[in-house]
Amino acid sequence: MSLFDIEDIKVKPDIVCTYPDPTVPPNAAIVIDNGSYHCRAGWAGKDVPSLVFKNVLAKPRKDRSKKDTSEVVVPTVQIGNDITNIEAVRFQLRTQFDRNVVTHLHVQEQIFDYLFGRLGINDDGCVPHPVLLTECVANPNYSRMLMSELMFECYGIPGIVYAVDGLLSYRMNGGQDSGLIISCGYQATHVIPVLNGRMVEDKVRRINLGGFNMINFMFRLLQLKYPVHVNAITLSRAETMIHNYCSFAYDYTESLRNWALLEFYEQNVIKIQLPYNQNVSAPTLTAEQRLEKRKELSRRLAEINLRKREEKLAEDKVLLTRMLAAEDTLDDEDNVGFTLHEFSVKNVDEYRKMIVTLRERIAKTTQKMNSQQTNNQPEEKPLQLLQPPPNMTIEEWVIETRRKRDEILDKKQIRKQRKQDLAKRRTAAAQERMRIISHLAKKEKGVDDFGMRDEDWDVYKSISREGDSDSDAENEKLIECEEILKQHDSTFVEPVVAPGNIAEFHQLHIGVERIRVPEILFQPSMIGVQEAGLTGTIDYVLKLFPKDDQVKLVGNVMLTGGCANIRGFKERLSRELQAILPFQSVYNLMVAGSPSLDAWRGASQFANCQEFKQSLITRQLYDEYGGEYFKEHTASNFYYPTPSQVNSALNDTFN
């Protein structure tokens, strides 16, 4: 069992780089790994990118309350690392991707503006450097055409090369002529076979699962498990928990059996401490302190009642004085009417009767107040030393008293523990309670006669447990025992009751979720996705090839992409490969040196080689062949021109 503080993703705004960079040639290419989660950009030939930021922007909505003003206020757009608190603008985030395909070019343009600006390029809206840009496997021609149009028409670049990120990572890790690439990204997972140095494009398969699905799954699980902390559980925190605490189970079924054991759960559960405000509260009172407090409340109530009687007595005396002073006017026929009206009486007899009533009330209240003051005078009673019974010595009496006190405390502790056990699902008390309830639920529907028999009361008592609360008699007995021990036992120390631990209430327990969340990559049905898992997809792809080619492919299997950083992925996939391959098959499985960064590093190396210059699409080729055209190379997609009929239909649709 481990306790960790919650970790929030902290980012720092990107600084503007020095341009031109003195460490690179003047005509160096700009390498952009345009991923659906992170965008990495830098100069060709370097080992690390200059910029790494989330590929999103936050565009706040216009303030409708200021629509009548003459000034036009343009909302500030935040991009990448400028978004310091992404949860605050979660509902304002925009991305250029639909799954892993770029479809929203207006968002892409704003992100490119941010990217080139942070690289320090400011040549009157022109970018005088060739660009190597990554794209997804089997990127649609129309998406590539819009991207080329944006690059050439908006930024005036001299040339561009498109490449697939998974193939670049494979190249960076010394990929052989033949192999199998497992590229696990943010939106999708690709199984890419490579033969004779080229991707076999018609055998590539995609699973619509990735890091995005894992984060959402963890987010939903924790919010359902802890509805009281729903505001503290965010997507960013769920993402951090996956990278820090989750792992792939080597044997998922066996791991579930282990997590069902209480001892294994207690040893391996991860506790996450959420932030909370520590309220300074008074310590919990002992039974003796509660009794004293009750007496104090009674005394205060008596004082309040006495004060009210004094106020009422003063009012009655003032009223009696006024009525006696006005009694002489009753014989005057001219003023008697005004006097009766002033005191709200109907006639003279009722007036005199009211005077008698006031005198009796004043006398009675005065007598009651005098007697109460006499009774409330504190009587200083000498401290009485409690004595043992005649047939016991003081030592025996102390031992017996201590035993009785321990019995009472044990009963209290048992009741407290039972209440805690009933709140937990896996405890024996809670399971016994559920067993009794489920037994009652087995009765035939429509027959509700529970409570008509005497034995039903025993069932009710076994569920409700009336003895779960402390009784007043038990508390008084405990006070008496402690008083005896304080007088006759020099070793007795009064117990100090500590306040409840509020920190435990603000904790998240990450148990079976540690293996359950990554498992969706192998079992998509867990989240309702009707697709084959990773093992089934690899098996399907391998069976598309002859046996000789299968041996070449499994001889060099490489894991890359952000999800490959999760612990246990290599071991789990190795076990799955061993299960689907023929007996005694030889295979080699490796993980990319830096699964998240190797695609950019491979692109940086590729941009410095001769093949990059040969694959460059210049402005002249763009004007001649159109935006969807590109030159094939070892790390690219295959070029299939769009039929002319389809082009005409597209032009008619968008014109």
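Let me start with strand 16 (residues 270–273), which pairs with strand 17 in the antiparallel sense over four bridges, where strands are DSSP runs of E of at least two residues, numbered from the N terminus, and two strands pair if DSSP finds at least two bridges between them. Within that pairing, Ile272 stands opposite Leu508 in strand 17. This is a predicted model, in which local features need pLDDT of at least 70 and side-chain atom pairs count only at pLDDT 80 or more, while totals for chains, interfaces and linings use all residues. Residues are numbered from 1 along each chain as its sequence is written, and side-chain values use heavy atoms, with hydrogens and water left out.

Turning to strand 10 (residues 131–135), five of its five residues are buried, meaning under 20% relative accessible area with a 1.4 Å probe and protein chains only. In a regular strand, side chains alternate between the two faces of the sheet. Here Val131, Leu133 and Glu135 point one way from strand 10, and Leu132 and Thr134 point the other way.

Which strands pair with strand 10 in the parallel sense? One is strand 2 (residues 30–34), over three bridges, with Ile32 opposite Leu133. Another is strand 11 (residues 159–164), over five bridges, where Val161 is the bridge partner of Leu132.

How values were computed:
Buried means under 20% relative accessible area, exposed over 50%, partly exposed in between (1.4 Å probe, protein chains only).
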